[in-house]
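Hi,

Here is the structure I said I'd pass along. Have a look at it first, and then read on for what I found.

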Amino acid sequence: EQWINKELDFLQRWLVFGSLLRLLYFWADGRRFAARPQVRLLVLFVLIGLAVNAFICAAISMVDMRFQFRVIWLAPVMVVYVLLQNSVAADMESKG
């Protein structure tokens, strides 16, 4: 089933793709972006979880986007979480 709104579909795909790239960047350059080591570990956990979900759904069931749609929202949420963690850490460093 296709979305009726092509612009929204295009925006959603780029948001998810950009979020996944940003998460990879957060994880790869953890010294600069992760306020705490737990944040970097959480980013890695989410990335591995998304990859494992895609593999399991494709290998065991069938290739269907709806299975990945159930968990892909974690990517943009994690980007927002990491950005908030970094801003809080930057504020604490500037104050103390």
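Contact here means heavy atoms within 4.5 Å. With that in hand: among contacts in the protein chain between residues at least 6 apart in sequence, 61% join residues at least 24 apart. Do keep in mind that this is a predicted model.

The overall picture is quick to give. Of its 96 residues, 28% are buried.

The pair I looked at is α1 and α5. Helix α1 covers residues 6-28 and helix α5 covers residues 74-95. From first C-alpha to last, α1 reaches 33 Å with its 23 residues, close to the 33 Å expected; α5, with 22 residues, reaches 31 Å, close to the expected 32 Å.

How do they pack? Their axes are 8 Å apart, at an angle of about 45°. The crossing of α1 past α5 is left-handed. On the α1 side, L15, S19, L20, R22, L23 and F26 make the contact, and on the α5 side A75, P76, M78, V79, V82 and L83 do. By type, that contact has 10 nonpolar residues, 1 polar and 1 charged.

As for burial, α1 has D9, V16, S19, L23 and F26 buried. In α5 the buried residues are A75, P76, M78, V79, V82, Q85, N86 and A89.

Cheers

Notes:
Residues are numbered from 1 along each chain as its sequence is written. This is a predicted model: local features need pLDDT of at least 70, side-chain atom pairs count only at pLDDT 80 or more; totals for chains, interfaces and linings use all residues. Side-chain values use heavy atoms; hydrogens and water are left out. Axes are lines fitted to C-alpha atoms, for helices over the stretch in contact, and angles run from 0 to 180 degrees between N-to-C directions. Helices (H or I, at least four residues) and strands (E, at least two) are DSSP runs, numbered from the N terminus. A crossing is left-handed if the near helix is turned anticlockwise from the far one by less than a right angle, and right-handed if clockwise. Ala, Val, Leu, Ile, Met, Phe, Trp, Tyr, Cys and Pro count as nonpolar, Asp, Glu, Lys and Arg as charged, and the others, Gly among them, as polar. The expected span of a helix is 1.5 Å times one less than its number of residues. Buried means under 20% relative accessible area, exposed over 50%, partly exposed in between (1.4 Å probe, protein chains only).
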